Amino acid sequence: MTVLLWNILLAVSWAALIGEVTALNLATGFVLGFLILYAVRRLLRPSRYFEKLWQGLWLGSLFAWELLLANLRIAYEVATPSHNMKPGVVAIPLDAETDAEITLLANLITLTPGTLSLDVSDDRRVLYIHAMYVDDAEELRRSIKDGFEKSVMELLR
């Protein structure tokens with residue numbers, strides 16, 4: 001049984017012991033189960049579970065931060081009479097290779113306000129996005145490659 005399944009089993013067991021299956025009890029059980037499994041990790045088979053969980057949390061926090069910044073920028077654009085948008089389509093060369101990596105990257109970009117994934121080239125080496133604020137296309141490429149793409153590839157490889 002994988003470490004993730006053990007963690008889920010411990011979370012469900014915790015909620016059953018408490019006597020009430022709620023999201024809070026399951027989350028508490030998951031965290032407690034994680035801590036227990038982390039403490040006994042040397043007794044378990046080698047697993048990348050703990051590393052991948054932290055990488056997933058990092059990607060989630062990076063997305064939350066980018067989501068906050070994008071929403072603030074859009075709110076500023078709506079609240080002010082000036083027009084600061086410089087929309088454009090930007091081609092981003094991809095290091096991501098698998099369908100899962102490309103799909104997750106495209107979805108993270110699309111879910112961030114002000115950006116939209118448009119297409120992937122036939123050879124799956126270029127992702128085309130539309131952005132509302134393209135002040136510097138190279139800076140936009142670099143921020144996506146060093147941010148979302150790097151984190152997605154670390155998580156899924």
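Tutor: Let us begin with a strand. E3 has a covered face made of Leu-127, Ile-129 and Ala-131, and an uncovered face made of Val-126, Tyr-128 and His-130. Helices (H or I, at least four residues) and strands (E, at least two) are DSSP runs, numbered from the N terminus.

Student: Why do the two faces share out the residues in this way?

Tutor: In a regular strand the side chains alternate between the two faces of the sheet. Before we continue, please note that this is a predicted model, in which local features need pLDDT of at least 70 and side-chain atom pairs count only at pLDDT 80 or more, while totals for chains, interfaces and linings use all residues. Residues are numbered from 1 along each chain as its sequence is written, and side-chain values use heavy atoms, with hydrogens and water left out.

Student: In what order do the strands of the sheet lie?

Tutor: Two strands pair if DSSP finds at least two bridges between them. Here three strands form an open sheet in the order E1-E3-E2, with antiparallel pairing. The edge strands, E1 (88-93) and E2 (115-120), each pair on one side only. From one strand to the next, the twist averages 30°.

Student: How many bridges join E3 to E1, and how many join E3 to E2?

Tutor: E1 and E3 (residues 126-131) pair over six bridges, and five bridges join E2 to E3.

Student: What does the side chain of Lys-145 reach?

Tutor: Lys-145 is found in H5, and its side chain reaches the backbone oxygen of Pro-93 at 2.7 Å. Leaving aside neighbours within four places in sequence, Lys-145 is in contact with Ile-92, Pro-93, Leu-94, Asp-95 and Lys-150.

Student: Which residues of H4 are buried?

Tutor: Buried means under 20% relative accessible area, exposed over 50%, and partly exposed in between (1.4 Å probe, protein chains only). In H4, the buried residues are Glu-101, Ile-102, Leu-105, Ala-106, Leu-108 and Ile-109. They cover an arc of only 160° around the axis, which puts them on the same side of H4. The arc is that of the directions from the helix axis to the C-beta atoms. Asp-99 and Leu-111 are exposed on the face turned away from that buried side. The cover over the buried residues of H4 includes H3, E2, E3 and H5.

Student: Which residues are buried in H1?

Tutor: In H1 (residues 3-18), Val-3, Asn-7, Ala-11 and Ala-15 are buried. Their arc is only 120° around the axis, which puts them on the same side of H1. Among the elements covering them are helix H2 (23-39) and helix H3 (49-79). The face turned away carries the exposed residues Ala-16 and Leu-17. After H1 comes Gly-19, whose phi is positive, near 95°.

Key. The expected span of a helix is 1.5 Å times one less than its number of residues. Contact means heavy atoms within 4.5 Å. Axes are lines fitted to C-alpha atoms, for helices over the stretch in contact, and angles run from 0 to 180 degrees between N-to-C directions. A polar contact is a pair of N or O atoms within 3.5 Å; within protein, one must be able to donate a hydrogen and the other to accept it, and residues adjacent in sequence count only if both atoms are side-chain atoms.
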